[in-house]
There are 2 protein chains.
Amino acid sequence: MVITRATEYAIRTVIYLAKQPKGDIVLKKDICRTQEVTPAFLTKILQPLIKAGIVSSQRGVGGGFLLACDPQSINLLDLLEAEEGPLKLNHCLIDSGDCLRKAYCAAHLVWTEAQGEMVRVLKKHSIADLAAQD
Amino acid sequence: MVITRATEYAIRTVIYLAKQPKGDIVLKKDICRTQEVTPAFLTKILQPLIKAGIVSSQRGVGGGFLLACDPQSINLLDLLEAEEGPLKLNHCLIDSGDCLRKAYCAAHLVWTEAQGEMVRVLKKHSIADLAAQD
DNA sequence: TGTATTCCTTACTCTGTAAGTCAACAATCC
DNA sequence: GGATTGTTGACTTACAGAGTAAGGAATACA
């Protein structure tokens, strides 16, 4: 029932990238130094963000990482789902076929509502907003 | 990021107890049979509910379990917290002293808000309501 | 008093996921 | 072609979730 550290680091990193001058490429080791993550772990964390089209990377001399999109268009839910997969408060919310019990399903609607509210809040704040607050 | 099975079973069980005639004592094995939980696991799940004053138990012949309070006064958050401890979406929401990083704390307010909404929804529906819907 | 009944306590196992590491590989620049 | 920088996949370690098992303690009733 807790957000993973990978997601936390992903958020820190994306906020950091959003604060750089637009188009600037940042070295992995600079992210590591400022965000206090090890290079090996940051590598692992960045890959899902790259695959989701949130961050882009460049190899070789002068290479590094930068935002692949407008920070106004990314929110915390995007980052969380890139790292952890679809948000689900309960097993039954992934595949409604799982939820066979009537007694259980009385609670089902409540889980759905709670998750919906969570999604609403996480979508509401863009990375640009968070970077500006920082 | 998922509610545990213990919490699910706890909810099923409490809804089941709430549907019994008031004051009726239910055998563990009857709960097990109707709710599809093993006795050993149900034992483990019931203890926190008893300690939280939600369910009460009686030993010996004619013993069993029954609700210890008005089903109108219990909600899903009570059950979840009895089983899993205080709800927290993120590590920093337990002890604000953990949250030292500014970059992280930009997200902190969002976690707080998301968790607040979740709490609000889980508190809104009493066990009596859920039992009636069932 | 003794015994059957019923829940209580504690320790244990098994499995999966989070968190993080490592080493070989691939692209790019000069 | 070599230095630099990111990529990939396999690996380790630790911990929490999920469930089991066995002996102990309370209660009712004969």
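This is a predicted model: local features need pLDDT of at least 70, side-chain atom pairs count only at pLDDT 80 or more; totals for chains, interfaces and linings use all residues.
Visitor: What makes a residue count as near DNA strand D, and how many do?

Guide: The C-beta atom, placed from the backbone, has to lie within 6 Å of the strand. For DNA strand D, 24 residues are counted. By class they are nine nonpolar, ten polar and five charged.

Visitor: Which residues come nearest to DNA strand C?

Guide: Of the 24 residues around DNA strand C, the nearest are T4(A), T38(A), G60(A), K28(B) and S57(B). Two or more residues each come from α1 (5-19) and α3 of chain A, and from α3 and β2 (64-67) of chain B. The element that gives the most is α3(B), with four residues. The classes here are nine nonpolar, ten polar and five charged.

Visitor: Why is α1(B) called roughly perpendicular to α3(B)?

Guide: Helix α1 (residues 5-19) and helix α3 (residues 39-51) of chain B pack at an angle of about 75°, with their axes 10 Å apart. Angles of 65 to 115 degrees count as roughly perpendicular, so α1(B) is roughly perpendicular to α3(B).

Visitor: Which residues of α1(B) and α3(B) meet?

Guide: From α1(B) come A6(B), Y9(B), A10(B) and V14(B), and they meet L42(B), I45(B) and L49(B) of α3(B). The residues of this contact divide into seven nonpolar, no polar and no charged.

Visitor: Where does V14(B) stand in the largest nonpolar core?

Guide: That core has 68 residues, and V14(B) is among those with the most contacts inside it, along with V14(A), V55(A), A114(A), V55(B) and A114(B). Leaving out residues up to four places away in sequence, V55(B) touches V14(B), L17(B), L46(B), L49(B), I50(B), F65(B), L67(B) and A68(B). In soluble globular proteins, nonpolar side chains tend to be buried together.

Visitor: What makes the phi of E36(A) worth a remark?

Guide: Phi of E36(A) is near 55°, a positive value in a residue other than glycine. Most residues other than glycine have a negative phi. E36(A) lies in the loop between α2 (28-35) and α3 of chain A. In chain B, E36(B) has a positive phi near 60°, and E36(B) is in the loop between α2 (28-35) and α3 of that chain.

Visitor: Why is L77(B) called partly exposed?

Guide: L77(B) has 19 other C-beta atoms within 10 Å. Buried requires 20 or more and exposed 12 or fewer, so L77(B) is partly exposed. L77(B) is in helix α4 (residues 76-84) of chain B.

Visitor: What does L77(B) contact beyond its neighbours within four places in sequence?

Guide: The contacts are L87(B), V119(B), L122(B) and K123(B). L77(B) and M118(B) are 41 residues apart in sequence and 9.2 Å apart in space, C-alpha to C-alpha.

Key. Residues are numbered from 1 along each chain as its sequence is written. Chains are lettered from A and ligands numbered from 1 in the order in which they are written. Axes are lines fitted to C-alpha atoms, for helices over the stretch in contact, and angles run from 0 to 180 degrees between N-to-C directions. Angles under 35 degrees count as roughly parallel, over 145 as roughly antiparallel, 65 to 115 as roughly perpendicular and the rest as oblique. Two residues are in contact if their C-beta atoms, placed from the backbone, lie within 7 Å. Ala, Val, Leu, Ile, Met, Phe, Trp, Tyr, Cys and Pro count as nonpolar, Asp, Glu, Lys and Arg as charged, and the others, Gly among them, as polar. A nonpolar core is a set of buried Ala, Val, Leu, Ile, Met, Phe, Trp, Tyr and Cys residues joined through C-beta atoms within 7 Å.
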